[in-house]
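Opening the notebook on a new model. I want to look at the ligand site and then the sheets.

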Amino acid sequence: MGFLIAGVVGIATVALAWLQAQRERRIDLEDLDRRMHLVTHQIKDSVHDALRRPESGTAKLLADQLEGHRRLLGFAVFGPDGRRIASGKAVAEFTEEMKPALLQALAGKSEAIATIRAQDTNLQVLATRLTNEDGALQGVLVAVHEMSHLDERAAMRMVHFAYWILLITFLLIILVVGVTWAAYERPLKNLAEWMRRLRTDNAPEAPPTGLPVALLASETERLAASFRAARLQVSTDSRSITRDHKLWTRERLRAQAVDCLQGGQLVVVSNREPYMHQLRDGKPRLIVPAGGLVTALDPILQACGGLWVAHGAGDADRQTADAGGRLTVPPDDGRYTLRRVWLSREEEQGYYYGLSNEGLWPLCHLAHERPTFRASDWDHYVEANRRFTAAILEEIGSSEATVLVQDFHLALVPHLLKLARPDIRVGVFWHIPWPNPEAFRICPWRAEILKGILGADLVGFHLQQYCNNFLDTVDRMVEARLDWDHFAVELGGRRSLVRPFPISIESWAERGVPLGDALTRQTAQLQERYKLDYGPIIVGVDRVDYTKGLPERLRAVGRFFEKYPQHRRKLTFVQLAAPSRTHLRRYRELIVELESLADEINWKFQAEDWKPIHFLVDHHDAATVHAFLRMASVCLVSSLHDGMNLVAKEFVAAKPEEDGVLVLSEFAGAARELSDALIINPYDTEQFADTIHAAVEMDVPERRARMQRMRQVVEEHNVYWWAATFLTELSATRTSDLRNSGQFELPKGLKTAGVHV
Ligand code: F6P
């Protein structure tokens, strides 16, 4: 390459120099011509006179005048017949070479000019025709000028030009190479060096700046984050509780929790309560709310005991709790205390339905639903967070405690708790995705929310990707110091670790659902009740939420029956749909939309005693959910965006016979762990329908192999493992006094309200 460039530069230099030398030579020639005309003109009259005399006198008369001077070699005079009459000494020998120009002048041309080569030199010849007054030819005057100096000058100029061009080219090359080095090579070398140091565990905090492409810079940061996370994970795993491959059980968690809590109390705080009482026919009826949070946290408190603080949202909640809002749960086997927090209708509307579910929920889920932010909702949110904090502080009094704050409803609680009790350990777990900073920045209270969360010693998300997004967001939106090496944030003298903890479930047996004969009887009842006597079923289990991709799922099921008619009357799709947040119009409308979509598809394909879709809207209890999952040969999870999705894991856990196929959205966090599921893009109806077909047709050995591997993941990484890793990590954090740092501001609206303790 270098030779090629040098070759091209060389050829171009020579060509340019030659062209320039030629141009200058032409100018010199014109100059020479002018001078020859001038000297010819000066002696022309004398020659005229001399030619009028007899020939012998002409030569004598002109003798001196025909001699040249320096490069003008001299003149020669020829008669009308072409004979030389007289000439200067120096030109006499060139008579022969003058002939071409002479002949042209004799032939009638008033003057003829020619360049001739003689005796290794170039001569310029100008022949001028001389006539008398009648126009009759008198003779020809020929001037001869030597030209070697012009050639020498041309050659010198060429060399001169070549030098200049080479010099300029050289300077240009230096400039280009310099600029390239400064703009690309140096940053890339720095990047490579930084990566090497990153690999050898010694990198500075941030990647080098000034990378030539912005995208490269942001990708580098992400790459670094993932790399550090992976390294951190490896080092954590190597010293952690997961090193041995013993399964995590209630008992083992209880023992681990005793170690971690060091005599302190375990407190869980969430908006949703694990046990809710609703009036049914005038009597309180116990409901275990659907959703991942309750599924995951209840077993932990059952194992460890402690306190759960939550909103008492059921209409029979007050009458089933004591005056302080307390009761022991589970009601038939009291293992821990539930403390209900009372909110007025208006507060619930603003804090839960408004800011949490119309603001933060669509903000964090990229499901094309526009968030709504109202100032009045924010005020209620702040006040509700204060109320939850006050309830926790009231419950723990002055005792030691570890508080696990759950989810996006209570983002301010960690900060508020630390303001009142800097000594307690606070962990927060965000059950939904954390979006990228560009998406999050539209929240008007983004800084308050981030600072609220950063009151915690440990901030947990399901996936590393959410941790990276969170740190990116903090980096851009608050004045905090990021410690990428340890995935930590320092704000106002406090330090919060940010870690992924993929949440999970306990086994179905531990949930006390019917098994064995009882399950067989229950299954038969359900089959009879829903007329499911057409062989295997495909199942879906969800809260009715627009993030779950339910219309997409129904459309894919419809397309499946359309495209693969051989499965009609042989398979049935059952969707268990738990109504959720029905106070919001968007959620009510979704139920109506889904019911009519199911109707349309049923209308299109149903036969006399078979309908393809059973859309069962109800709060199905755990036993019913389990029975359906156990019955199903295929389970569909089609979330458009989902922090984890525990139904996917529940399906796997419901398959002890290791048969069944999970069809799982690539946009659900569970897809990272359950890679043996058939992964779909729920927006791609055709692919989704084809995948259902592939699931139904999959041969037994493959089904078993995939299910076996997924079951191993879910068994090893069960909810006890999740809680143990969280508690262990939290117990290793340092707590520090936030009040003395003077850096933390109370969120707007709290200054006057205060936290009453
Ligand atoms: O999955 C996110 C989540 O907030 C869970 O924490 C909760 O169990 C679920 O949604 C149900 O939401 P809600 O409590 O509003 O019914």
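**Ground rules.** I'm working with a predicted model, where local features need pLDDT of at least 70, side-chain atom pairs count only at pLDDT 80 or more, and totals for chains, interfaces and linings use all residues. Residue numbers start from 1 along each chain as its sequence is written, and side-chain values use heavy atoms, with hydrogens and water left out.

**Ligand shell.** How many residues surround the ligand? I get 13, and the closest are Arg 272, Leu 293, Tyr 352, Asp 407 and Arg 581; a residue is near if one of its heavy atoms lies within 4 Å.

**Where the shell comes from.** Domain 3 (250-500) and domain 4 (514-717) each give at least three residues to the shell, with bounds from an automatic or database domain assignment. By element, α8 (292-304) and α9 (345-364) each supply at least two. Helices here are DSSP runs of H or I with at least four residues, strands are runs of E with at least two, and numbering goes from the N terminus.

**Polar contacts.** I looked for N or O pairs within 3.5 Å. A side-chain N or O of Asp 407 sits 2.6 Å from a ligand oxygen. For Arg 581, a polar side-chain atom is 2.8 Å from an oxygen of the ligand, and for Arg 272 I read 2.9 Å, again to a ligand oxygen. The protein covers 92% of the 390 Å² of accessible area that the ligand has on its own (Shrake-Rupley, 1.4 Å probe).

**Six-stranded sheet.** This one is open and parallel, ordered β21-β20-β19-β22-β23-β24; strands pair if DSSP finds at least two bridges between them. β21 (613-617) and β24 (678-680) are the edges. Twist averages 20° from one strand to the next, using axes fitted to C-alpha atoms and angles from 0 to 180 degrees between N-to-C directions. I checked β19 (537-543) against β22 (632-637): three bridges, parallel, with Ile 537 partnered by Ala 632.

**Ten-stranded sheet.** Also open, but mixed, the order being β11-β12-β10-β7-β13-β14-β15-β18-β17-β16. I find β11 (326-329) and β16 (481-483) at its edges. β11 pairs with β12 (336-341) antiparallel over four bridges, and Arg 326 stands opposite Arg 339 of β12.

Methods. A polar contact is a pair of N or O atoms within 3.5 Å; within protein, one must be able to donate a hydrogen and the other to accept it, and residues adjacent in sequence count only if both atoms are side-chain atoms.
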